[in-house]
Amino acid sequence: MTDATIRATKLTRRFGSFVAVDGITFEVRSGEVFGFLGANGAGKTTVIRMLTGLLAPSAGQASVAGHDVYRESEAIKRDIGYMSQRFSLYDDLSPLENIRLYGGIYDIERTELRRRTDTMLERLGLTRVQNDSVGSLPLGWKQKLALSVALLHRPRIVFLDEPTSGVDPITRRQFWELIYEASHAGTTVLVTTHYMDEAEYCDRISIMVAGRIAAIGTPADLKQAAGAESIDELFVQLARPASDQAAAGAR
Amino acid sequence: MTTPLVAGAHAEPAIVADGLTKRFGDVVALSGVSFAVAPGETFGFIGPDGAGKTTLFRILVTLLVPDAGSARVLGMDAVSRLWELRRHIGYMPGRFSLYPDLSVEENLRFFASVFGTTIEREYEQIAPIYSQLEAFSDRRAAALSGGMKQKLALCCALVHRPRILFLDEPTTGVDAVSRREFWELLARFKATGLTVIVSTPYMDEARRCDRVALIQRGQLLAVDTPRAITESFGRTLFAVTAANRYRALQTLREFPETASVYPFGETLHYTDRRVERSPDAIADELRRFASSRGLGELTVTPMAPTIEDVFMARMGAAEQPDAPASRGAA
């Protein structure tokens with residue numbers, strides 16, 4: 001028994017005859033920064049959709065923040081935060097309006113919401129632009145705001161789907177500091193990325209290949225076990241055979 | 001390439017851009033951008049979202065008129081000779097822009113016919129990629145996977161045998177394996193003499209290019225070979241490893257002589273304010289400072305800077321709306 005906030009056992013999802021997620025078993029511990037890596041089409045998004053209560057599994061079990069993904073998907077949604085590159089904030093609303101909207105959705109009491117809002121805007125250095133439209137902000141600022149908003153209701157777990165795609169290298173690192181802070185405050189972080197240097201910032205990572213977890217562990221242990229210099233090299237070792245197979249199958 | 005090149009074409013640059021400037025309302029997307037690309041070069045624009053890469057590409061492929069400055073592509077002015085120029089340009093936009101309701105083959109046939117040619121006539125040119133798609137020739141483009149869509153878009157951009165190919169962020173959001181494969185594919189086209197202009201937010205892809213331009217906020221920070229750019233870093237860079245990287249980062253920020261310290265994968269990259277001081281002396285001091293703060297063993301080794309190190313150094317202080325310029329990642 002561990003203090004796992006995410007626990008998946010033989011979790012499976014089929015779409016017709018296609019097995020997108022093929023009986024994966026893994027745990028994410030409380031307060032951990034967990035890097036959820038994999039090639040495009042390996043099944044990462046399907047797993048995230050199941051764990052966030054948006055998609056029912058075809059078989060297997062999973063619990064998130066102590067709630068069962070089949071029966072308690074609404075309870076899961078209250079206890080998690082979510083952001084991605086594609087959807088995070090409403091571009092036509094200001095930072096302030098976005099925060100109020102999310103605060104309202106999660107039913108945060110008004111004086112408390114005001115307090116958290118002020119702290120957040122000041123912390124991010126966004127007080128001056130709090131009434132500008134979010135769409136007019138540089139991507140990096142927007143993504144830092146989006147993460148803070150995803151953490152507004154103090155979720156136990158936050159799911160980050162390629163949060164730093166296209167973000168400049170300095171802001172990318174500032175974003176990771178926000179991730180560390182959240183983790184130090186006890187929030188569990190599950191994050192996907194295509195930047196392999198970011199995989200090294202995680203406490204543990206998993207690498208999905210063709211619907212299965214091909215490797216799971218700390219970056220250092222995984223590199224050592226595979227005799228790889230970097231996570232990039234390890235990733236290519238694991239994912240390339242599958243990619244060659246897919247190309248061969250297409251011919 | 002079977003298309004005969006005009007005599008002396010090799011002497012002429014593939015692109016000459018001079019002072020290109022473009023505004024959208026109050027936003028300055030490009031600000032006095034100048035550079036030249038030689039024929040046959042693979043030339044990369046490296047920079048984050050919003051740096052101006054797409055605006056620049058749209059001007060070079062004749063889809064957007066600059067507010068100031070000029071661009072000559074293949075010796076032709078991109079504004080006054082756009083119709084002639086378009087025949088020789090291949091362009092793959094960052095966003096998938098083919099017809100989703102047409103099949104793979106229909107899309108390709110359409111683009112070939114627009115340029116007055118056929119798939120059959122151009123087969124040799126596109127074979128390296130098209131052979132991987134032929135099994136799906138009846139599938140609607142909308143139903144293709146991301147990687148397949150990208151290959152189809154590349155086929156469509158190449159089917160009229162362009163002399164210069166523009167690829168706007170072909171690898172964004174693409175996994176590490178597919179990114180490698182894409183660059184290997186590009187190398188095959190480069191070998192035919194094709195000039196390739198490519199943009200990417202991934203700094204590590206710079207090494208795939210003959211020369212690169214680092215672009216940020218509408219301005220070029222540097223234009224040179226990847227090697228010359230990393231050599232221009234100008235101070236000693238140290239790789240620092242510690243058992244607790246996050247604590248080491250915070251501790252090094254408190255060291256009075258720190259010029260910059262950033263996490264880079266499993267290490268921290270550190271530079272010191274004192275350019276004159278010997279690397280050994282700096283390494284010693286860092287280790288002593290770390291142990292005085294109870295940080296334990298610290299490994300400090302001089303290392304060769306990467307393109308990303310240079311980019312971050314030239315970007316200058318972190319851009320925050322309110323906060324003053326901060327030291328390292330704030």
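Predicted model: local features only at pLDDT ≥ 70, side-chain atom pairs only at ≥ 80, totals over all residues.
Visitor: What makes chain A agree with a compact globule?

Guide: For 251 residues a compact globule would have a radius of gyration near 18 Å, and because chain A has 19 Å, the value agrees with that expectation. Along the principal axes, the C-alpha atoms of chain A fill a box of roughly 55 × 40 × 40 Å. Chain A holds nine helices and 10 strands, and buried residues make up 49% of its 251 residues.

Visitor: Why is A:V19 called partly exposed?

Guide: A residue counts as buried at 20 or more other C-beta atoms within 10 Å and as exposed at 12 or fewer; A:V19 has 16, so it is partly exposed. The residue lies in strand β2 of chain A, residues 18-29. Leaving aside residues up to four places away in sequence, A:V19 touches A:R14 and A:G211. The C-alpha atoms of A:V19 and A:R212 are separated by 10.0 Å, although the two residues are 193 apart along the chain.

Visitor: What makes β2 of chain A an edge strand?

Guide: The open sheet to which β2 belongs has four strands in the order β2-β1-β4-β5 of chain A, with antiparallel pairing. Strands β2 and β5 (67-68) each have a single partner strand, so one side of each is left without a neighbour in the sheet, and they stand at the edges.

Visitor: How do you know that β4 and β5 of chain A pair?

Guide: Two strands pair if at least two bridges are found between them, and β4(A) and β5(A) are joined in the antiparallel sense over two bridges. Within β5(A), A:H67 is the residue opposite A:V64.

Visitor: Why are the buried residues of helix α1 of chain A said to be on the same side?

Guide: In this helix, residues 44-51, the buried residues are A:K44, A:T46, A:V47, A:M50 and A:L51. Because they cover an arc of only 165° around the axis, they are placed on the same side of α1(A). Among the elements of chain A that cover them are β1 (4-15), β2, β3 (33-38) and β4 (59-64). After the helix comes A:G53, with a positive phi near 80°.

Visitor: How do you know that α9 of chain B has a length close to the one expected?

Guide: Helix α9(B), residues 279-292, has 14 residues and reaches 20 Å from its first C-alpha to its last, which is close to the 20 Å expected at 1.5 Å a residue. Just after this helix, B:G294 takes a positive phi of about 70°.

Visitor: What makes the buried residues of α9(B) line one face of the helix?

Guide: The buried residues in question are B:I282, B:A283, B:L286 and B:A290. Seen down the axis of α9(B), they fall within an arc of 100°, so they line one face.

Visitor: Why is β13 of chain B described as largely enclosed?

Guide: Six of the six residues of β13(B) are buried, so the strand is largely enclosed by the rest of the structure. Both faces are covered, with B:T267, B:H269 and B:T271 buried on one side and B:L268, B:Y270 and B:D272 buried on the other.

Visitor: How do you know which strands pair with β13(B)?

Guide: The threshold for pairing is at least two bridges. Strand β11(B) pairs with β13(B) in the antiparallel sense over three bridges, and B:F238 stands opposite B:Y270. Strand β12(B) pairs with β13(B), also in the antiparallel sense, over six bridges, and here B:S260 stands opposite B:T271. With two residues between them, β12(B) and β13(B) form a hairpin, and B:G265 in its turn has a positive phi of about 55°.

Visitor: What makes up the contact between the chains?

Guide: Chain B gives 36 residues and chain A gives 39. On the side of chain B that touches chain A, the elements that give two or more residues are α5 (146-158), α6 (176-190), β12 (258-264) and α10 (307-315). The residues of that side divide into 19 nonpolar, 11 polar and six charged.

Technical notes. Residues numbered from 1 in each chain as written. Chains lettered and ligands numbered in written order. Contact = placed C-beta atoms within 7 Å. Nonpolar A, V, L, I, M, F, W, Y, C, P; charged D, E, K, R; others polar. Arc of directions from axis to C-beta. Rg over C-alpha atoms; globule rule 2.2 N^0.38 Å. Expected span 1.5 Å × (residues − 1).
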